[in-house]
Amino acid sequence: MKCKSLVILLFVCGFFALAAAEEGSGPPDSTHVDSIPPPTPVSMLTARDSENDHGHSVTLMWELSTDDGAGQNSVLSYEIFRWVPFFMDTLQSIRDSLAGAEGTIAEQLRKRRDQAIAMIPGAHKSYPEQGGWRKIGTALSGQSSYEDVGVKDRGSPDYMADHTDYYYLVDAVTADPAIRAPSEIVGPVQSFGQFFNTGRIPVFVAVLVFGLLTILFVTRARRGAELYVRPLAGIEAVDDAIGRATEMGKPILYVLGLGSAADIGTIASFTILGRVAKRVAEYQTKLIVPCYDPIVMTVAQETVKAAFLDAGRPDDYYEDIVYFVTQSQFAYVAAVNGTMLRELPATNMYMGVFFAESLILAETGALAGSIQIAGTDQVAQLPFFIVACDYTLIGEELYAASAYLGREPILLGSLKAQDYAKAAVIILAALGLLAASLNWTAFINLFSVTS
Amino acid sequence: MRRQIPLALVFIFGVFMIFQYFVPHESSEWIYEFLLDWIYIIGIFALALGIWSLIRVSVAKIKTRKSGWGYPVITMAGLFLMILFGFTGYRDGSWGFHFMTAEGLSNPMFRNFFDYIMIPIQSTMFALLAFFIASAAYRAFRARNVLASLLLVAALVVMLRFNPYLGPFGTIIADTASWLLNVPNLAAKRAIIIGIGLGMVGTALKIILGIERGYMGKG
Amino acid sequence: MNIFDRMMSLDRRWVFLFLAVVCVITYIVDFQIPIRVESEVRTIHEFIDTLKPDEIVFIAIDYDPNALAELHPMCYAVMEHCFRKNLKVIITALSQNGPGMAEQAILDISDSLKLDREYNGILYEGREIRKGVDYAFLGYKPYFALVILGMGQNFRLPFPTDYYGTPLDSIPMMQGVQNYDQVACVVDLSAGNITDAWIAYGQGRFYFPLALGLTGVMGADYYPYLNSKQIFGLMAGLYGAAQYEELADNPGLAKDGMRIQVYAHLVIIFFILIGNIGYFMSRSEKKRQGR
Amino acid sequence: MRRTTIIAMAVVLGLFILSWILRSASYVTVQEHYLIGGLKVTFSAFLTLAILSFLYKDNPFYKFAEHLFVGVSAAFWMSMGFWTTIVGNLVPRISQSLSEFFQVPYQPGSYNFVYFIPVILGIMLLMRLSRNRGWLARWPLAFIVGTTAGLNFVRYLRSDFMEQVSATFVPLFVDWKGVGYFISHFSLSASGQFVAIVANWVIFLGVICGIIYFFFSKEHKGVFGAASRVGIWVLMITFGASFGYTVMGRISLLVGRITFLFRDWLGWIS
C-alpha cells in the first residue's frame with residue numbers, strides 16, 4: 001500500500017513538473033467561491049543535495065503549514081520556487097535556434113551551448129541580482145518534501161548543473177491561487193553526484209557474503225570433499241527419457257522458452273541443453289530445438305555443436321538441429337504445436353522462461369503422447385506445468401539441474417552455498433519475526449534497501 | 001585463446017555491472033545506458049541470423065518435395081510480402097524506402113496484415129487456452145495421492161468461488177477461496193521466489209566466475 | 001473396458017466440444033442465473049436505494065477502454081439505479097479517455113430510461129432525463145489529485161464550466177451545490193491509481209462516503225479500506241458488477257458474462273468429477289477382482 | 001482419402017466465397033470498398049476457425065494458418081526492429097548522410113563513437129555464417145551474457161532475496177481481539193487482529209517449510225523431512241488455487257472470440 005501511494009505521488013509530481021513547464025491555465029472564474037483567509041506558511045524549510053544519486057538533484061523538506069489538514073484546512077498544495085538567473089534565458093535562445101539549424105551553424109551553436117552550460121555556476125553567483133523566482137513544481141497537501149531534479153536535457157533552461165548555488169522558497173497555496181503564503185528563502189545549496197550508494201549497503205554485504213560462500217564451497221569441492229545431493233525426480237527422468245526416445249526411434253523436442261539470452265533462466269536452460277545434447281549425440285537420437293529469440297538460437301547452436309564435439313560425434317551435428325521460428329509468442333507456439341503433432345517426439349522438454357503459452361504447449365504434448373519434463377522460474381506458469389507435465393522442476397530446481405546433470409563437484413559445491421544461504425534465510429526470518437513482535441526496528445532496518 | 005577471451009569478457013562485463021549498481025555517479029549511469037543500447041543493437045544483427053535460419057530450413061523442406069512441402073512456401077510468401085510491406089512505403093508522392101510518415105504507416109498493407117492475419121490468429125491461439133485448461137483439469141485432477149488431492153481440492157474451491165448454486169456453503173467457499181489466494185499463496189510464492197532468487201544469483205555468479213560455461217558448450 | 005474406465009479416459013475432444021457448446025449456448029441464449037451477493041456490494045446498493053429523491057450521487061468514471069469490459073457494467077448499473085430512483089448525478093472523468101466512456105454511458109442510459117420497467121416489484125415509469133436537470137457531466141481535467149482536492153473546496157474551481165461549456169452556475173441542478181458536502185456519496189469506478197487519490201485526497205480529507213468499483217485483479221488490494229471504514233462498499237470485476245445488477249434487479253452485461261463464466265466453470269468441474277468417480281470406482285473394482 | 005480432402009477444400013472454399021459475398025453485401029462504410037471490407041472480416045473468421053480446428057486434429061487449414069502466421073510475424077518483428085532500433089537509435093548517432101537518407105534527425109555527440117562497438121560486435125555475430133571465423137561470434141555472446149549476468153546478480157539479490165526475506169518480518173504474537181467473531185461465524189474473512197495473526201503464522205511457517213523443501217544437500221528425513229513435506233503441500237495448494245483462479249480469465253478470452261464469430265462475422269447478435 002505504502003509503495004502504491006508512493007507511486008502516485010511520483011506520478012503526480014511528474015505531472016506537476018510538466019504543468020510547471022506549461023503553466024498558463026490560470027485561475028478559473030472564482031466569483032462564486034467564498035473568499036479564503038490567508039494560510040500560515042510552511043516552517044523549517046531545508047534544502048540539501050539528494051543522497052545516493054548521480055547529482056543534478058536537490059531535496060527540499062519542510063513542516064506542513066498549520067492550515068494543511070488542520071486549522072482552517074485551506075492549504076491544497078505547495079508550490080516550489082527556485083531562483084533562476086536571467087542567464088538561463090540565453091540557454092533557451094540557443095536551444096531555440098539550434099532546433100532549426102543545420103550543418104556548420106548547428107556545430108557553432110552547439111559549441112556556444114556547451115560554453116554557456118559551463119557558465120551556469122557563475123551566473124548563479126549573482127544572487128539575488130539579475131534573476132528571478134521560477135515555479136518549478138508542486139507538492140500536494142500533506143506532502144512535506146520535494147525533490148527538484150530539473151530537466152535532463154543539458155540545453156534546457158531548467159537543467160540543473162552540479163556545484164551551483166541554488167536558492168528555494170515554498171508557497172502554501174489555497175484553492176484560490178491568489179491566496180498563498182511564501183516561506184523563508186533557503187540557500188545556497190549545491191548538488192553533486194556520489195560515488196557510492198550508501199542506501200544499498202545491505203545489498204553490498206549480501207553480495208560479499210554470497211560470493212565468499214560460493215567461492216569457499218567451490219574450492220572445497222575442488223579439493224575433493226564428498227557432497228550429498230538429494231535425488232530430484234525430474235532430473236532422473238531426463239536420462240530415462242533420452243533412452244526411451246532412442247528405443248522408440250523418435251526425436252526429443254527441447255524448448256528453450258520465450259526468454260532472451262539475458263534471462264538467467266534461459267542461461268540455466270543452455271547448460272541443461274548442453275548435457276541433453278551430449279547424451280543425445282552419444283545415443284544418436286534426433287534432437288529438435290525450435291527457438292523464439294535469435295540470440296538464444298545462436299547460443300543454443302554453439303551449445304549443441306560443442307556438445308556433439310564433446311561426445312566425439314562432430315560429424316553428426318548439422319546446423320538445423322537448432323532453428324529459428326519467429327519472435328512472436330503465439331506464432332512460435334503454433335509452430336511448435338505443429339511440430340509436436342507431426343514429429344511425435346518421445347520426449348518434450350520445456351526449460352527456461354515461459355508465459356501464457358506454457359499450457360498450450362504442455363497439453364498438445366500430452367496429446368501427442370510424449371513424456372514431458374518442464375522447468376521454469378516463472379511462478380505464474382508453474383501450476384500449468386505441474387498439472388500438464390509428467391515432471392516439473394520448480395523454480396530453483398531449474399538452476400540446480402545443470403549441477404545435477406553434470407555431477408561435477410564444483411557445480412555441486414555451489415549448490416551447497418545456496419543451501420547455506422537458505423539456512424541463513426530461515427534463521428533471519430525467525431529473528432526478524434522476534435524483532436517485529438518486540439518492535440526491535442534496528443534489526444529490521446538492517447535489511448531495508450533505501451534506494 | 002578462442003575460449004579464454006570470451007570468458008574474460010564475461011568476467012569483465014559481469015564485474016563491471018555489479019559495481020555499477022553501487023555507483024550512482026553520472027559517468028557510471030552513462031556507461032550503463034550505453035551497454036543496454038548495445039544489447040538491442042546486437043539483437044537486430046542476431047535477428048538477421050534468425051531470419052536466415054528460417055529461410056534455410058524452409059527452403060530445405062521445399063527442395064525435398066516430401067509431403068507437405070507446400071506449407072513452407074506459404075511461410076516464405078508471408079515473410080517476403082510482409083518484408084516488402086515493412087520496408088517500402090509511399091511518401092511525398094513517391095514509393096521508396098519508408099516506414100512511418102506523419103499520417104502513420106507509409107504502407108497500409110503492413111497494418112492490414114497485422115490486423116487481419118496476425119491479430120485473429122494470435123487471439124485465437126490465446127483463446128485455445130480455455131479449452132486446454134479444461135482438458136488439463138480433467139486429465140490431471142485425480143485424487144491419486146495426497147499431493148494430487150490437495151491440488152484438486154484447492155482448484156475446486158477456487159473455481160466454485162462465485163458459483164450461485166451452493167446455498168449456504170457459497171459464502172464459506174468464497175471466503176476460503178479468497179483466503180487460499182491471499183495467505184498460503186503468498187507463503188508459497190515467497191518461498192519459491194526466494195529459492196529462484198538464490199538460484200539466479202548463484203548461477204549468475206558462476207557465469208561471471210567462469211565456472212558455469214554450459215552456454216558456450218563447455219560443461 | 002467398463003464404464004468407469006471409459007469415464008477415466010474420455011477423449012479430450014469431448015471436453016472441448018462440451019465446453020464450446022456450453023459457452024456458445026450461454027452466450028446466445030439469454031436466460032437468468034442467480035448471483036450470490038456479498039455484503040460489500042450490498043452496502044453500496046442499500047446506500048443508494050435509501051437516498052431520497054433529488055439527493056446527489058457523484059459518479060467518477062475514471063477508466064479507459066481497456067478496462068471497459070469490467071467497469072462499464074458497473075457504471076450502467078449504478079447510473080440507471082440512480083436515475084430510476086430520481087436521484088441527481090454529477091459525473092466526472094479523470095482519466096484521459098474517460099469522457100468517451102462517460103458520454104457513451106449517459107447516452108445508453110437515457111435511452112433505457114425512456115422505457116417503463118419493473119424492478120424488484122416496483123414499476124418505474126419511463127422518463128426523459130435531461131442534461132443539467134438530472135445530471136451534470138463536468139468532464140475531464142488533467143492532474144487528477146489536484147482536481148479531487150480542488151472539488152473539495154468548490155466544484156467550480158477545477159470545472160468552471162461543464163463538459164459542454166455551460167457555466168456551472170447556469171446549470172439548474174448545480175444551484176447551491178458547492179462541494180462534496182452537498183453530495184450524498186461518491187462512487188469511483190477506476191482501473192488504476194486514481195482510486196488511491198480518491199481515498200487519500202478525497203475521502204481522507206473531506207470525509208464523504210466513498211464506494212469503489214475496481215477491476216477483478218485490483219480487488220484484493222482494497223479490502224483493507226473496507227475494514228478501516230474508509231470506503232463503505234466495493235465492487236470488484238465482472239462478479240462485483242453482476243452482484244449490483246442482481247440487487248437492482250436489472251440484469252445487464254455483467255450478468256450475461258457471469259452466466260457464461262458460471263457454466264463454463266461448471267463444465268470443467270463436471271469433467272473433474274467424472275474423472276475422479278471413474279478413477280475411484282475402477283480402482284475399487286480392481287481391488288475386488290484382485291481379491 | 002485424397003478425394004475427401006478435395007471435397008473438404010471445395011466446401012470450405014465455397015463457404016468462404018459465400019461468406020465474402022454476404023459480408024460484403026451487408027458492409028456499410030464509406031472508407032473502403034465493400035468487397036475489401038467483406039474480405040477482411042471473412043478472412044479473419046477463416047483464420048480463427050482454422051486455428052480452432054486444431055482442437056479436433058491437425059489439418060491442412062491449421063497448417064496453412066500456422067505457416068502463414070510464422071512468416072508474417074517473423075517479418076513483422078524484423079521490420080519493427082529495423083526501423084525502431086537501427087534507424088531510430090543507431091543511425092542518428094553514427095552517420096549524418098544515413099540520417100538524411102532515412103529522414104531522421106541527426107544527433108551528433110562526443111561519445112557517439114561508442115555506437116560503432118555494437119555494430120562491430122553485431123558483424124562478429126554474423127561471422128557465424130563463415131566456416132573459419134565462426135568462433136568470433138562468441139565475443140558478442142560473451143558480452144551479452146556477462147553484462148546481463150552482472151546486471152541480474154545484484155538486482156535479483158535485492159528483489160527476490162533481500163526484499164522477500166525482510167517482507168517475512170511480521171509480528172506473530174496472538175492478539176485475542178476478534179477471536180469471538182472468528183469462532184462464532186467460522187469466517188476467514190472476519191476482520192480483526194486474530195485472523196491477521198493466524199494469516200501471519202501460516203505465511204511464516206509456509207515460507208520456512210517451502211524453503212526447506214528446496215534444500216538440495218540435506219536428506220529429507222525426520223523433522224526436516226516433515227517440514228519439507230508440509231512445504232510441498234503448501235506449494236500444491238497454491239498451484240491448485242492459482243490454476244482455478246486463471247480459469248475465469250481464459251474463458252473471457254474464449255468469449256472474446258465467440259463474440260467475434262457470432263457478432264462481427266455472422267451478425268447474429270447485435
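This is a predicted model: local features need pLDDT of at least 70, side-chain atom pairs count only at pLDDT 80 or more; totals for chains, interfaces and linings use all residues.
Helices and strands here are DSSP runs (H or I, at least four residues, for helices; E, at least two, for strands), numbered from the N terminus. To get from β1(C) to β2(C), the chain passes through helix α4 (residues 68-84), making a right-handed β-α-β crossover; that is, with the strands pointing away from the viewer, the path from the first strand over the helix to the second runs clockwise.

Strand β1 (residues 56-62) pairs with β2(C) in the parallel sense over five bridges, where pairing takes at least two DSSP bridges between two strands. β2(C) also runs parallel to strand β5 (residues 135-139), joined by four bridges, and here C:Ile90 stands opposite C:Ala136.

How well is β2 (residues 88-92) covered? Five of its five residues are buried, meaning under 20% relative accessible area with a 1.4 Å probe, protein chains only. In a regular strand, side chains alternate between the two faces of the sheet. On one side of β2(C) sit C:Lys88, C:Ile90 and C:Thr92, and on the other C:Val89 and C:Ile91, all of them buried.

Zooming out, chain C has 10 helices and eight strands, and 58% of its 291 residues count as buried. Its C-alpha atoms fill a box of roughly 90 × 40 × 30 Å along the principal axes.

Residues are numbered from 1 along each chain as its sequence is written, and chains are lettered from A and ligands numbered from 1 in the order written. Local features need pLDDT of at least 70, side-chain atom pairs count only at pLDDT 80 or more, and totals for chains, interfaces and linings use all residues, while side-chain values use heavy atoms, leaving out hydrogens and water.

Note on methods:
Buried means under 20% relative accessible area, exposed over 50%, partly exposed in between (1.4 Å probe, protein chains only).
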